[in-house]
Amino acid sequence: MEDNTIIELFFDRSEQAIRELDDKYGKVCHSLSYNILHSRQDAEECVNDAYLGMWNAIPPARPNPLLAFLCRIVRNLSLMRYHGDRAFKRGGGSYTVALEELEGCLASPQTVEGELEEQELVRLIEGFLETLSPENRVLFLRRYWFADSYGEIAARTGLSEKNVSVRLTRIRKRLRRYLAEGGVI
Amino acid sequence: MMNAAQFSSALGKVNDKYIMEAVTYECKKKKRSGWLKWGALAACLCLAVAGFAVHQFGTVDVPRDTVGEDDCAHDSAAYGFCLNGNSTAVYYPISFEERVRYELVPKGEVGLNESNTYQITEADLGDLMGTVTDCKDETMIGSQVYHFAKYPEHDSICIVDTSNGYEFYVCSWLDVSVEIGDVSDAVFAAYGLPDSLETMGLLSSDFQYLSGIDDEAAIKAIFELFSGKVNHGLEENERLFAQAWYDAYGNDDICYSEESGTCVVKEPSLFDKAHELWNEGERIVQITTNRGFDLMIDYFPAVGVFTCGDSYYELSDSEVESLNELLRGGL
């Protein structure tokens, strides 16, 4: 079903909208949430919460692209739960490992004066993404936005896991250089 | 100081286009067959090089100005094209890094914007190179292609008279397919090497320029070492990398998998250790021709292989020693 049709179902307050949304994008959402939470049950709950969020947001919103909007909600809810549940030291998921990779990349003995505005950081990150090739950009987003494992990225891109790992290492190096030049680290 | 969680949170707010690009990217494993599909395939697989990036294990980077050329992600993709039916050279919209290379943006700029975008005029048009004969975007077919007057001898950059006006396109490398069992000479022949040699340079594994190689005898010896080698293919190459691990550590924590045709690892955390082993001393030999094309040869002395495009070649111990000596001389 086309995204526009699904949105129309939301506007009609038809519960079929949720079923269609789940049919079309449920797999992407569950995978994203599971990568972050490493728990099927929690991922299930988060995705359901995200569907509820969609139900509340549409109308009035007419998100375009629908999938990006949905993924953003799933990611935000999953991260909220991830950080909220850290007392349980859940760990073990791809997101935890991805965060550790980023920690290594961002670590700096320097202390940057003042708090960096998040919007400014978003702008910097977008600038960095523009310097990457489409394929490398996908690798980066799949790893750090979607928290995919190397294996999942390899399957998606047709690269070997080793190649994915090599590329991501290089991209992190570039990121570090880019952020350093931007005075962020 | 920013931490990873803050970074991750900010990353979560990047523009939808990046998310859509990542979420819709579903490309198949790189195959050479059916090149005519390249309009979609090559863009998806990023088979072009931005002047530098034939990566190890046969993959390449293609930094572009926009995300639009990714056919997997966008309907409004910008496609590559072939000129005069020559499928070896595929031209793509110019990237920011390529604009820097061709001095089309002021020094120090970090990204493309309206104010620093080079405005092409008729004065920039050099001789006619030909017409677009193959492109997935049918509106491009038949468009006239000109040399860029600033680089009249270069075939690597051109100006296309598109329906949207003049646009820069580049072809930084040639798409030379070498079948498994065939020799590396086919690659050099396609580039017209060694006669067409303009410069030879040495890059680090992350493509930082280290030095030029100017000595004629050294250049000749390097060509000789790279010539006549048999493409043993990706799978054999992976076996060599797995063997290098075994030789170093005496275990199969990283081993070759017949099923996947690649190295597999028991623990992702071992990758860093493996990379240190495999990539020790890795160098990229950048050969630029008088037509502006770059041939990148990725050399892994620790494993004794070099890769070039999607072909993989093995060197003997003595050849590795000789090559190391020659490349050290370039530093």
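Tutor: Let us begin with the sheet. In this predicted model, six strands of chain B close into a barrel in the order 1-2-6-5-4-3, with antiparallel pairing. Strands (E, at least two residues) and helices (H or I, at least four) are DSSP runs numbered from the N terminus, and two strands pair if DSSP finds at least two bridges between them.

Student: By what angle are neighbouring strands of this sheet turned against each other on average?

Tutor: The average is 45°, direction ignored.

Student: How many bridges join strand 1 to strand 2 of chain B?

Tutor: Three bridges join strand 1 (residues 81–83) to strand 2 (residues 86–93) of chain B, and the two run antiparallel. Phe81(B), for instance, has Tyr91(B) in strand 2 of chain B as its bridge partner.

Student: How is the packing of two helices read, and at what angle do helix 2 and helix 3 of chain A cross?

Tutor: Axes are lines fitted to C-alpha atoms, for helices over the stretch in contact, and angles run from 0 to 180 degrees between N-to-C directions. The axes of helix 2 (residues 16–37) and helix 3 (residues 40–57) of chain A come within 8 Å and cross at roughly 135°. Angles under 35 degrees count as roughly parallel, over 145 as roughly antiparallel, 65 to 115 as roughly perpendicular and the rest as oblique; helix 2 and helix 3 of chain A are therefore oblique to each other. By class, their contact (heavy atoms within 4.5 Å) has 11 nonpolar, three polar and four charged residues. Here Ala, Val, Leu, Ile, Met, Phe, Trp, Tyr, Cys and Pro count as nonpolar, Asp, Glu, Lys and Arg as charged, and the others, Gly among them, as polar.

Student: How far apart are the axes of helix 3 and helix 4 of chain A?

Tutor: The axes of helix 3 and helix 4 (residues 66–84) of chain A lie 9 Å apart, at an angle of about 130°. That makes helix 3 of chain A oblique to helix 4 of chain A. Their contact divides into 11 nonpolar, one polar and four charged residues.

Student: What is the mean pLDDT of chain B?

Tutor: pLDDT is the predictor's confidence in each residue, from 0 to 100. Its mean for chain B is 80, and 82% of the residues reach 70 or more. Over residues 27–77 of chain B, the pLDDT is below 50. Where pLDDT is low, the predicted coordinates should not be read in detail. For the complex, the predictor gives an ipTM of 0.88 and a pTM of 0.54.

Student: Which conventions apply?

Tutor: Residues are numbered from 1 along each chain as its sequence is written, and chains are lettered from A and ligands numbered from 1 in the order in which they are written. Local features need pLDDT of at least 70, side-chain atom pairs count only at pLDDT 80 or more, and totals for chains, interfaces and linings use all residues, while side-chain values use heavy atoms, hydrogens and water being left out.
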